[in-house]
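Hello,

Here is the structure you asked to look at. Please open it first, then read the notes below it.

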Amino acid sequence: MDLSEDELIEAIRRVLSGTGPEVIVGPGDDAAVLARGSGELVLTADALIEGVHFDRRMMSARDLGYKALMVNLSDVAAMGASPRAALVTLALSPDIEASWVMELFGGMRKACDEHALWLVGGDLSRAELIAISVTVTGEVSPGRAVLRSGARPGDVLAVTGALGASASGLRVARSGRVRGEADRALLLAHLRPTARVGEGTVLARHGATAMMDVSDGLGKDLIRLASASAVGASIRLRDVPVAEGATRDDAMGGGEDYELLVTLPSEDAFVAAAAELAGSYGTPLTAIGSIVKGEVVTAVGDDGVERPLVASGWDHFA
């Protein structure tokens, strides 16, 4: 592939320009938004491919099913929406047994139960490798979807939870050795991520101007948010919340954390949102910087020097 993932998405967006009048948000955000009656319909799709996104030797079928739903629910959360229904397309390799498939859907059912989501159908097929494609629909009040493109100079830049646990958990899985509770927590973060659905609606209610989930690494995703909003950003590396047992490099470029990166219009809005998230969900919200004029995204290092932020993170075609 001669294009990066972001370049390919932009090229596809140009081909698909001129969509219908019901399309409020098309390709390029965490989810699409369509006008539907008195509300708005949110749609997202994601795929997990064997050998690219998971290794069966390191992951149970139940964990894989759970994760396949959660990565899509995270996109709905990033829009400030509430999930409603899901469809699953599953391609299975010849060696897969029915018991493995039942365990896979058992994990999906658990994820659905946690978020009042209905899994209403899909498709089955044969393939050389396992491929799981999930589509999730959600709902949001008219005009209330939080996009990547609404950040404004002066906004507080913040992130939920802590970052880097999934990347560190992947190392634990690859090592085949779990040494104590800290390793177990990291492994669980990788195998069973949390979709911040409730937190997303709280942040939207407190006036979030832009939001996306951190799926490909904070460095890459922050640059995407700033680009979509046509603004710059400055983050303080020392303030980035790093999960216990992970490194700052994991937090900035590891990916698959599925925390929410959000911009809020004022310090007061940040404080109020942080208090509600802590009280209602036990989820910390950490201010890590601010949105600035221009188009440059910078990071203030431990030495106090501000430098351009390197877009480290996952790219399917790198």
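The chain's secondary structure comes to 9 helices and 13 strands. Helices (H or I, at least four residues) and strands (E, at least two) are DSSP runs, numbered from the N terminus. This is a predicted model, so local features need pLDDT of at least 70, side-chain atom pairs count only at pLDDT 80 or more, and totals for chains, interfaces and linings use all residues. Residues are numbered from 1 along each chain as its sequence is written, and side-chain values use heavy atoms, with hydrogens and water left out.

**The whole chain**

How does the radius of gyration agree with a compact globule? With 318 residues, such a globule would have a value near 20 Å; the chain has 19 Å, which agrees. The radius is taken over C-alpha atoms, and the globule rule is 2.2 Å times the number of residues to the power 0.38. Along the principal axes, the C-alpha atoms fill a box of roughly 55 × 55 × 45 Å.

Of the 318 residues, 49% count as buried. Buried means under 20% relative accessible area, exposed means over 50%, and partly exposed is in between (1.4 Å probe, protein chains only). The accessible surface comes to about 14600 Å². Carbon and sulfur atoms hold 53% of that surface. Areas come from the Shrake-Rupley method with a 1.4 Å probe; for residues, only the protein chains shown count as cover.

Now contacts, meaning heavy atoms within 4.5 Å. Take those between residues at least 6 apart in sequence: 82% join residues at least 24 apart.

**Buried residues**

Start with Asn72, in helix H2 (residues 61-78). Asn72 counts as buried because its relative accessibility is 0%. A polar atom of its side chain lies 3.0 Å from the backbone oxygen of Ala68. Leaving aside neighbours within four places in sequence, Asn72 is in contact with Thr44, Ala45, Asp46, Val134 and Val136.

His115 sits in the loop between helix H3 (98-114) and strand S5 (118-126). Is His115 buried or exposed? His115 is buried, with a relative accessible area of 18%. Not counting residues up to four places away in sequence, His115 touches Met70, Leu73, Pro83, Ala195 and Val197.

Met211 belongs to strand S8 (residues 210-214). Met211 is buried as well, at 0% relative accessible area. Along the chain, Met211 and Ala158 are 53 residues apart. Their C-alpha atoms are separated by 9.6 Å.

**An exposed residue**

Arg179 lies in the loop between helix H4 (165-175) and helix H5 (180-191). Its relative accessible area is 60%, so Arg179 is exposed. Arg179 and Ser290 are 111 residues apart in sequence. In space they are 38 Å apart, C-alpha to C-alpha.

**Two positive phi values**

Which phi does Ala230 have? Ala230 has a positive phi of about 55 degrees, although it is not a glycine. Ala230 lies in the loop between helix H7 (218-229) and strand S9 (232-236). At 54% relative accessibility, Ala230 counts as exposed.

Tyr258 is not a glycine either, and its phi is positive, near 60 degrees. Look for Tyr258 in the loop between helix H8 (248-253) and strand S10 (259-264). Tyr258 counts as buried, at 7% relative accessibility.

Best wishes

Key:
Polar contact = N/O pair within 3.5 Å; in protein donor to acceptor, adjacent residues only side chain to side chain.
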